[in-house]
Structure formats: C-alpha cells, structure tokens
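Reader: I would like to go through this model by asking about its helices, chains and contacts. Please show it first.

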Amino acid sequence: MTIPAPLDEVLGELPLVAARLTAPRRVRVDARPENLPALLELLKGRLGFFHLSAISCVDWLEEGQFELVYHVWSDKLKLLLSAHVRIPREPGEYVSIYDLHEPAGFFERDIHEMFGVVFDGALSLDRFILTSWDGPPPMRKDFDARKYAEETFSTVNYHPDWLKDIEAAGGGLEE
Amino acid sequence: MTDKPLKANERPPAGAEEAAGPAARDAAGPGQACPAPSPQERGVWRKIMDRFADHCRARSLFVLHYCTGCGAIELPPTITSRFDMERVGITPMVTPRQADILLITGYLSIKTLKRVILSYEQMPAPKYVLGFGSCTINGGMYWNSYATVKRLDQYIPTDLFIAGCMPRPEAVQQVLLQLIEDIDSGRANAWRDYYRNYDFYLGNQQALFGPKWNTPTDVIGEAEHYGLAGEGTYGPHTKLLAESGGTPMELARAERPARAITGRRKP
Amino acid sequence: MSDLKQIPAIPDPDAIEPSDVYDLYFGPNHPGIEGNYSIRVRLSGDRIIEAVADGGYLHRGFEKIMEERLWMQNIALVPRICVPDPVPMEETYARSVEMIGGLTPPERAQWIRVLMLETSRICAHLFTFGGNAATVGLYTNMFWGVTMRDLFLDIFEEITGARIYHIYITPGGVRRDLPDGVLDRLEALLDELERRMPQFEDLFFNNAVVINRASGTGSMSAEQALAWGATGPNLRACGVASDIRRDDPYLVYPQLDFDIVTEEGGDALARMMVRKGEVVQSVRILRQVIPRLRELKGPVRCPLPNPLAWDLPAGEAYARTESSKGELAFYTVSSGGPRPYRVHVRGASSMHAVQVLEHLLTGARIEDVAQIMFSLDACPPEVDR
Amino acid sequence: MTDITPKDKGSMLRPLKALSFLFREPATLPMKPRPAAKAYRGFHLNDWEKCVGCATCQQICDNDAIRMVHVPELPADPAKGVRPRRPAIDYGRCCWCALCVDVCPTGSLSMSREYIHVSRDLDTYLILPDEKGMHGEPYPRGWTKDDDTDLLDLTRRNMPMEDADARADNFSEICEGYDPQTAMLEASRCVQCGMCHDACPAHMHAPEYIRAIFEGDFEKSVEWIYRTNPFPQVCGRVCTHRCETACSIGKRGEPVAIRWLKRAAVDNVRQEKTIAIALRGMAKEKTGRKIAIAGAGPAGLTAAFDLAKLGHDVTVYEEKPEPGGMMRYGIPEYRLPYDRIDADIDVIRAAGVKIECNTRLGRDISLDALKGACDAVLLATGLNMGRSTRIPGSDHPDVRAAVDLLARITAGEEIDVPERIVVIGGGNVAFDIARSMARLQRRKYGKVDITVTALEERGKMLADEEEVIESAEEGVTLVNARGPKQVVIEDGKLKGLETVKCLSIFDEEGRFHPKYDENDLILHPADMVIEAIGQMSDVSWLGEELTEQLEWSRGRIKVDDAGHTSVNWLWAAGDLVRGPDVISAIAFGHKAAEDIHATIMGETD
C-alpha cells in the first residue's frame, strides 16, 4: 500500500507537512494553511480531483485550533485525498475555495454557521439552518449542548399512580 | 433564544382546572384536554346541537399536510391503500384553513415550531393536535439537543399522544380512531385550552422566540368570540403583544433571510 | 415538444418593474415539498428569477449529540439522519468506526449488509416514484409505490424488529442473524416486484403526461452536474457513469455483478428513468446475494468489549456509501475515548437540496418547482442533520 | 431526451386496463393492529425474578430513558448481588433500540410485540415494566437476547496455572497471574454495576480499580485498592472473593475475575511505587498518641496501617517470629508465597508501624504495661488453637491439629510424614493441610495417600471449588457426608478413623446438630489423623482481673460493631471476636481503627 507515483510527484512540488496512505484509496495530506489552495488546484488540474466530497471542521479546543479537512475524490486515480490544515481558533479565519470547487459554497457556509469560521471570499456566509439562533456556534467544543437544553427547555416531571404507591411504601425514583 | 425565564412548568390559572366528568384526570395541567363547558354555560338546545355537530364532525376530518418530523414517513402508508384512512373519512388537506387535525410527527426544531404555531393558529376551531412518538412527549432521542423542543404541550395544547419512535401505521390508525371517538363524545377539547390559557402558551413561545414574538392571528379576539376568554387568556405575556407589533413577515426578515449560494458572487 | 418548454432567458431583475416581481414562500408546509423544507422564490409572473433554499427545519444537532454518546449508543441515532433511506446511514457510520478500530465484519455479515442496503435502495426509489408521480397528479402511482414499499418494510421488520429505524447494522457486523425463511419471502417479493414493474412502466414512464411534463424540466448538463457537486442518480442521469459501489467499493460489492445505470439529458424524466433502472439492478444484486447467504454460514458479529467499556484508538476515517440519494459520507474522528470526538455527516442531498436545486429552479416555472425537487430526490433531514 | 415519445399516445380504450386490477387481491388491511414480527421491538418486559437491579440498562440507554426505582418490598441481598431496584422506562424518551435488552447481564429484560399506547395523560408514559406487559394483556415476546445480540462477554480469561504433576511435590505458587494485556481484556468485561462493592465486607472500590486496569493505568488502580485494603497481594490471591459471587456478569456467565485483577494491578506496579501510592494522604504531623496492637494478622495490621496514616505512633506485638498471622502460618506457600506477604507488610512498615515479633502478651509483655504506656490497645490475636472433635481416641499423639502442622511447615520445622493420613473437615484449612501433607508425602514416598472426610455433601462444601478440584488433581481422596465416629487404636498404635454416614448437618432452627446413620460405618485406615474442623482462641494471657471486667458472649469477647470492648481502653478485632476470613478481618480492622481514632482524639477536643 503506497501512494501512487503521479500523486507522490504532485505532492512533492509543494512544501507539505506529511502525506500517507491511511486505508485503501484514502490518502491523508497535512498541508500548511498558506499552500492548501495551491495544492487543491494542482490536484484538480493534474490528477482529476474534480469532486469535492466534503469539507469537515474539527474543533481542537486544547490546541486552540480548528482543523479543516478537504475531502477530494479523483475519478482518474480512484482515490480520496483528505487535505488537513490547522488554523488558529482565534480569530478562525481562512480563505474560501469556492472559485475552485463550487460545492465549497455549501460546506463553508455550514462550517461558518456551526463553528464560526470566517472564509474570506466565500460566496455567502448567511445563516442556513440556525436562522434565529443567537447563541455561540453550537458545534464548538466549549458549547455545552446539554446544559443549554436543560436551561432552555422543560421536561416532564412524571408522577404516575404506581409511583405514588411505591413512594408511600418508602421507595421511589433514584437519581 | 432569550434570557427570559421559561414559563414551562408554571401552572396555568384556574381556566383549565374546572375539571368535570371523565376528563377530570386530564385537566392535570396545561396541554391536557380541558373539560367541555359545564351545563350552566350553555343551554340544553345548544348542547344537543353541539353533540350533533361533534357527531358529524367526527366523520370527516382533514389532516393538515405538514411533515414536521421523521414520523411523517409513516403517513403515506397510513393514507394510501394499505392502511387506508379514508375508510373513516380522514384525508390529507394542503391548507391549514381547511384542516381539522394537525399531526406533529415527531421532534420539533425551534424553527419548525414557529411554522407549526402559525399553522395551528390559522386552523379554524375546533382543531385537534396529535403528538407522535417520544419526541413530542419528553424530548425523545433528542433530549439533550440544543435544537429541538422537548415538550409539545408547552407550546400548543395536544389532544392525544402516541408512544413509539416512530409509531407504526397501525398505531397511527389507532390514535386517529381514538380521536374520532373523543370528538364524537365531546372529549377532544384541547383547543379550548389554547384560548383559556393563551397567556401560558404565549409565555412559553416568547421564552423561545423572544419577547417580540407575534402572529397575525388575533387569538384573544377569537377567544372572546368563542366565549372562552378567561383570566388565563390575558396576562403579562399578552401585554407584550401590543408592544411588539411585529408581524411574522417582519420577524421572518429579522431572521437574516439567506441569499442563494449559487450563481455569481454578490459584489 | 410544446413550445411551452422553451424556457426564455431569465429576465434581468433590474429591468423588471418592481410591481412585477414578488417573493413567494414555497413550503415548509406545502405538499409539493419533499419533507419539511422551504424554498423562497422570487418570481416575475410565473417565472422564477431567483430561488433560495431555506433549510434547517429538521435540524437536531446530530453531530453535537453524537459526540456525547458512546460508540455503540450512536447506532441508535444514525438512522434518524435520513428517514426515507436509513440503512446507508447505519452502514456508513459502522464502517467509519470499523476503519478506525481496524475491525473487519465477518463475511456473512457483509453479505447481509448488502442485502439490507439494496432492499433499502428499492424502498427509497419506490417512495420517490410515488412522490414524483404525485407532483404531476398521478396519485394511483403514488399509492402503488408506497404500498409496494410497505411490503418490503415487512421484510425489514422481520429481519431487524422495526419497520423504519432498524438499528441493525453495528460496528463489527449486524446485530442478529437472519430469521428462518425470510430469504424465501424476500425472493417471492422480488418476483412480485418484477411482475409489477411493467405496470409502473405503463402507468408512469410510458405516460404522455409524465413525458411531456418531465422531459426537459430541470435539466442540467454533465459539466454543470459535476461542477455543482451532484452525485448518485442525479449525476448518472447526465450520462456520467459514477457509482461509489464501483469506484470506491466497500463490503462485498466487488464480487457482485451489476450495471451502472445512466441516462442522457439530465432532466426530471432522465432522473426517474435512472431510478427505475437502479431498482432493476438492485433486484439483480439481491438475486445474487440470496443464494450466497443460503450457503454461507458463520458468525454475524466480531467480538467486541462490552459497549460500556469500549474505547476506540485515536484516529479518523472517511467512509463513503452510495445511498439511493447519492454520495453519503461520514467523517469520524476518535481521540482515543469511549465517544466520538467529531462526526461529520456529508448528507447525500446536501448538494441537491441547496445549490443544484437553486440552479435548476432559476428560470423554471412555478408549477415545475415540486417536480424538480422530487426528481432530485432531495432528503431534507440529511441536509439539516 | 426531448425526442422521446410515448409508445401509444393514449388510445380511448387505455383506461379499460384498469379493469384487469379488479380481481386482484386488495392490499388494504383490516382496520385493526397486525401482529408484529417475531423479533419486534415493542414495549419492554422485565422478569422481576431474574432482574437484580444492577442498572446496567440505565447506563447503556443513550436517551436517559431508564431510571431505577427503589421498590421497598423487594428482597435486598448484597452478598448475592441483588438490589431492591427495578428499571422504569420513560416512553417520552425511549427509542426502542433494545440496547438495554442486549446488554442486560441477567437477561431479564426483553421486548414484547405490543406497540400501541395512546393517551393524553403524560403520566402513563412512565412505565415500570414487568412480565405482564404494558397494558396487562398477554402479548408474545418480541426482541429477546440471544447469542447473536448479546453484547456481554460471559467467559473469563483463564488464569495460567502450573499443571498437577509440575506442582504436586513443591510449594511454589500455582497461579501465575494475568499479564497486563489479559488483565485489560478481562477488565473490559465489567459493566461497572457496583454489586461487588456492596458485597465486599471492606467495600472495596472494585468498579473503579477495574476501570483503571481497563484503561491500562495500573497505578491508579493500586491507588483505588489501597483506599480500602492494605493487603492487595494477599487478597489478590487468597481472598474468598464474595465480590465475584455478587458479580452481575456471573448471573448468566462467569463472573469477572475481580480477585485476579486486583493481583494483576499490584503485580504490574513496582514495589517502591506502590509504597509511594499507599502513603498518599499520610498525616503531616504526628498526634503523639501511642497505640499498642496485639497480633500481626490482617485485622491488627490493617488497623495499624490506618492509625499510622492518621499520625499515631503504633506498635504491633506478634508472638510468632514473623508477622502475618494466619496469612503466613495458616495458608500454605503454594497458595500465598511468603515474599508476597512481606511485600504487603513492607508497605505497612513504611507507614511507620513498628512490628515487634517473638513478643507474646502475658509472657514477654503484660497488658497492664501496655495500658500504662498507650492510649489504646487493640487485641487482634485471632484463633491460633485447633479445635478438637473430642471423639474417642482423639487425644492420641498421632491425632494432630491442622493449624499447628501448617504453622510448623511454615516455620520450616521437621515434621513426621506418615504413609497414610486422614483429615477430618471440609473447609479450606482441611484442604490446605491435606495438600501440604500430600506434597511432603510425594517427596518422601513418591506417592500420596490422603483422605479428606467432610461432613458436607459434595455440593455444599465450605471449601472453595478450585481447592477441591486441585487437591483431587494432586491425589487427595475426598469422602463426602462422613462424620467422625472414633479414632481406632490398637495397642497404642493408631489404626485409622472410623466414620459414620451423615444424614443432615443442621436442625430445623438451623443450628449445627448433625444426624448420623449409625449402621453405615467405614474405617479409613491411617497412621495419622488430622483435625481441621475449626479453630479457637487462647486468651489465657488476659489475666483473671481483665477477664472479670470484660463482658463475654458465647466464649468470645463481647464487642460493639467497631470492636470496642466493655473496657474503655481496650478494643478487639478480627477472628478473635468475629470471623471468618481475611477480608472480613481487614474490614473489622478499618472499623476498629476509625473508632480508636475517634475515641482517643475525642478525649482531648
């Protein structure tokens, strides 16, 4: 299991952090933020990585970083390449790749909504899902969803008859 | 999404408490069907007419065609050949204005809840609400999610709940048959509770949507029209309505309307 | 073709008299919308100048709550992400976990999974038939499609113990072996389906109404489809033979013999034709799977520690599946704990329901909105998650 | 695709096709619920007979839908691992995933094929499921646990052991212990229900230290162990492991090997590291109080360790040359190597406990002296004298007491090993001496001839099962349900033991009162008879005065739960006052230490 020669060659042209085969047809590339767009452009131009499958964002709270993962698929090589970049959590800004891959429009918008990452030159960073949300970006690790839910919503406080009987006998629900 | 304290667990004023007959158990709190008006309110003739109306009403019910959640996937089977609900005169209806039944098919995201309330208020009384599955009862799978409401009956009065995640078509059949029976026997009166305790429901709605929350329907006016306006109808929350003065359209715009993400980038 | 189909150039918004232009909220409460979804369209007359997809009505914050649950607990959660076609969700999540944990499900389990996936594909497509037919007023077809699907749900119920949310495919295999005789019943049902296909053909694909309404409606070229990120049947309807089962194979698909269905034209009709072809192919696959499962014996789960004490090694995996809607992918990250650190769901419809739809609606006529959306087979809960 | 044309442009007769469907069987079903599939996941059923209230279902439920309800009228038995709790299901949360069924250790949970519940009363959605089902109507069982769906691992990792002929003639340890990998695998079977914690006399934090082992953090595990037990090496080997009796995994399968895991934890941590961990939370400054403890057995040393950690000045007086008491002189080396005992005792010494051996109360040091010099005295001298059957001939010199022999073997003294031996007794001690003598016999004669005559039947043996099995492997013969009748002696020479069939051991009130069938006699020929029917304590050193002051109950010093005697400065703990095993003695030691501390510190402030 090795990286196909043509891909290896292309990757060699850029100062990358690392590249390795993680599974059959899965290549992980760690790139520097400054040269990720160039990388994607090379891949698209030379090796037919036309299809942007997804852009994922991972919030690494301890490191104070957002990890952006660009999953691109090449029909030519039958290979899915995941390009990882780490950007500082504050201010959390990065460049859009909309000009290169139109689907990025959706994913960048989604990441902006869920993580608060700002993509410079993105097509639209309008809210899509959380149109009336005024809390912090919910997918951030420092947002405690459960606490928020407990504070915002009420839950049923059951007290059926069988429970009353048991409580009368000295039992009851345990915490 | 506001720091306003939630009113969910607050007992409504006496409106819903005057329990009577079989429904006594059900008057436990908000959202439970509250009893039919007591005899001294209406004359015997009117009562007979009511019974007759209920009897006819129960034979032809339109279900609002609104798939609010995953439970909706079991509706097509329910209304089509296999579990054919048209046998008992139940069929989907596209507009709230002509619908009798509002099915809340599972979880409600806050965004959907707004539309549900708008639809519900557009429906003409008497109207009936059915809660599908765990999510409408106590949050279900999404009990710790930030996006879905946990208790339907805190926001609109609910006639019947049905267990399941999601309920099978047979279960949906049963809940509809049960509803028909309740309507026929004049027990399905949850809709009155909305008018009787409008302030309670509005309070919970405002707790989620903000104090400026408003709808085009003049609920209080309708409450007075139906003779259901009680001390539970007016309250601190209804006062806010006058001040807010925003229509849903304005509020919708306030929701930062999105632009298309296709085509040429806007300058 | 009637000249009605000749779509004129999109009027320039600035050239139009303001009074002529109006906004229309299409959904979420609208029979023409698949699921709880909304499109805000700006119209000039009955011609759409601009369409804005408005989702989020089904947002449950899946990716967040999955981070709070154990690896095994999440199997109960994932099928909820896409209701009409839940099996690929379970499969993809399970496979991403297996890729991280280095697990390989037993062979029998892999065949069972394929059986589940293809049956689910048939269900989803039959469902879409119905919806799509309804948008052109052919309700009989809807009744047939939904009823046919329901018979398959009975098989699901027998295998998994639930009609819709099977919670059957787990990391490391499937939860239980097939009950006796279910394969015979499935085979009988497939015969029935094959018997009914010509009738569907007759009533729908060969129907003048459908053909005149659907052909040319919401059409896109292969280049556009690729650029806009369309996948699955919608892409194949533009003549692009791309199928993850072939290109990025998983489970035992390499051992199976099936064709990738493609059509030309990329319009609503072509998309439905592709789905019809895929139903036939799925039946073909199942016909190969069933005898294999009859002779193949063995375990259906690989041993795991008890779910309460199951830590996965740190790692990440990107699992892709060809769902009935298109490319479905889970990006799962483990930081070496009992819970996922991050799960990103790439819903198959996230492209179709937003930008593809917006593209196709721009310039279309208002009466075609429903049909275009259904022909894309967009699944809103997948988009909202 | 624009040029596509329908095959027929719809002739007028086209609609007639519909007629062909007239005679098709309709798809529509009658308007009543269908019976669900065999394995349908409907409402929950719970077999209250099987359910033990372990709350594993509550842990696995991803919707927080299961809450345990305390039901007072249910039986509670920590020793058996039964809690008076049952799960209640919130159908406003449940998602019918049936993970609770798959994970249920007892297999009591299952799901019925009932699936309809319609109500407007929310209270009806919280259910305490039982066998009767949601609405009391009989529905067939749906989803149940089977081999496929079971999420628990019911077989324990087996312990590597020396085989019989390798061990039969030497005293080297039999069990080799888990390696870290096996330990982690075994630990992964635990569902953290905490039954073991309740069952253990010392209430050890078993779930916590098992979890730590699973995480591979053996030091954390040792820390958890030392919170409640300063003898992990000992208990990790010879504990009577009541925790495993209570373990909920053991309800259907083999319980988690909690004892071996404890041993694995200490085996995988360096001794000096263990000491450092054990001494965490040691009192910074001394209290200046002096405490004397008689007897360096588990009870005495545990109390000493606790008191020393609290900053007291503790001295332990031991009559034997080495500390450890019965752990050392009662348990053979092949079960518990002496260096392991030393390892534990080193930790205790490191806490500042002074142990003075070869010091017998009354002989080398008097209680009065201790009373004068110390703030408190704790008696933990244990049971050091073998009980006699008092049957005819039991006073013959070749009739020995098991404890004496065991002690002498430990002390390395030369003891005469005859060719044929009969042991009276069915407890662990009987097998300890039998197996020890067997080893010596094998050395001396190359063969074994030892018969153990137990009063109990095979099923009701007091000894651990593995003892019985292993002794058989080593050539020891076991005869069940035989009561000793007399020791047969001909002209001063011991010929053997005559036993009589035992019909029942206890009478109706459950008192010890065996009934014999006098006609069923057997003579077991032997040159030596060993009595291993229990021990008694020698308290002659108390002295008349103190013996007068103390209150007694049935031959033992009367103490309260914390071991405080009727004499203010005197405490008693361990076997001396209450039995029966090491872990109980340790628990008692903790209690006594706590009470002593409270009392003597209370005097001042």
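Reader: How far does helix α3 (residues 104–115) of chain A reach from its first C-alpha to its last?
Author: This is a predicted model, where local features need pLDDT of at least 70, side-chain atom pairs count only at pLDDT 80 or more, and totals for chains, interfaces and linings use all residues. Residues are numbered from 1 along each chain as its sequence is written, while chains are lettered from A and ligands numbered from 1 in the order in which they are written. Helices (H or I, at least four residues) and strands (E, at least two) are DSSP runs, numbered from the N terminus. Helix α3 of chain A has 12 residues, with 16 Å expected at 1.5 Å a residue (1.5 Å times one less than its number of residues), and it reaches 15 Å.

Reader: How many residues of α3(A) are buried?
Author: A residue is buried if 20 or more other C-beta atoms lie within 10 Å of its own, exposed if 12 or fewer, and partly exposed in between; C-beta atoms are placed from the backbone. The helix α3(A) is largely enclosed by the rest of the structure, because its buried residues number 12 of the 12.

Reader: Which elements do the buried residues of α3(A) pack against?
Author: The buried residues include Phe106(A), Phe107(A) and Phe115(A). Their partners lie in two chains: β3 (51–60), β4 (65–74) and β7 (118–120) of chain A, together with α12 (349–361) of chain C.

Reader: Which residue just after α3(A) takes a positive phi?
Author: The phi value is about 80°. The residue is Gly116(A).

Reader: How many residues of chain D are in contact with chain C?
Author: Two residues are in contact if their C-beta atoms, placed from the backbone, lie within 7 Å. Chain C brings 34 residues, and chain D brings 36.

Reader: Which helix gives the largest share of the side of chain C that touches chain D?
Author: Four helices of chain C each supply at least two residues: α2 (74–77), α5 (139–160), α7 (208–214) and α11 (268–295). The largest share is three residues, from α5(C).

Reader: How many residues of α5(C) are buried?
Author: The helix has 22 residues and reaches 31 Å, close to the 32 Å expected. It is largely enclosed by the rest of the structure, since the buried count is 16 of the 22.

Reader: At what angle do α3 and α4 of chain C pack?
Author: Val87(C), Pro88(C) and Glu91(C) in α3(C) meet Arg113(C), Met116(C), Leu117(C) and Ser120(C) in α4(C). Axes are lines fitted to C-alpha atoms, for helices over the stretch in contact, and angles run from 0 to 180 degrees between N-to-C directions. The axes are 9 Å apart, at an angle of about 145°.

Reader: What radius of gyration does chain D have?
Author: The radius is taken over C-alpha atoms, and the globule rule is 2.2 Å times the number of residues to the power 0.38. A compact globule of 605 residues would be near 25 Å, but chain D has 32 Å.

Reader: What is the mean pLDDT of chain D?
Author: pLDDT is the predictor's confidence in each residue, from 0 to 100. In chain D, 98% of residues reach 70 or more, and the mean is 83.
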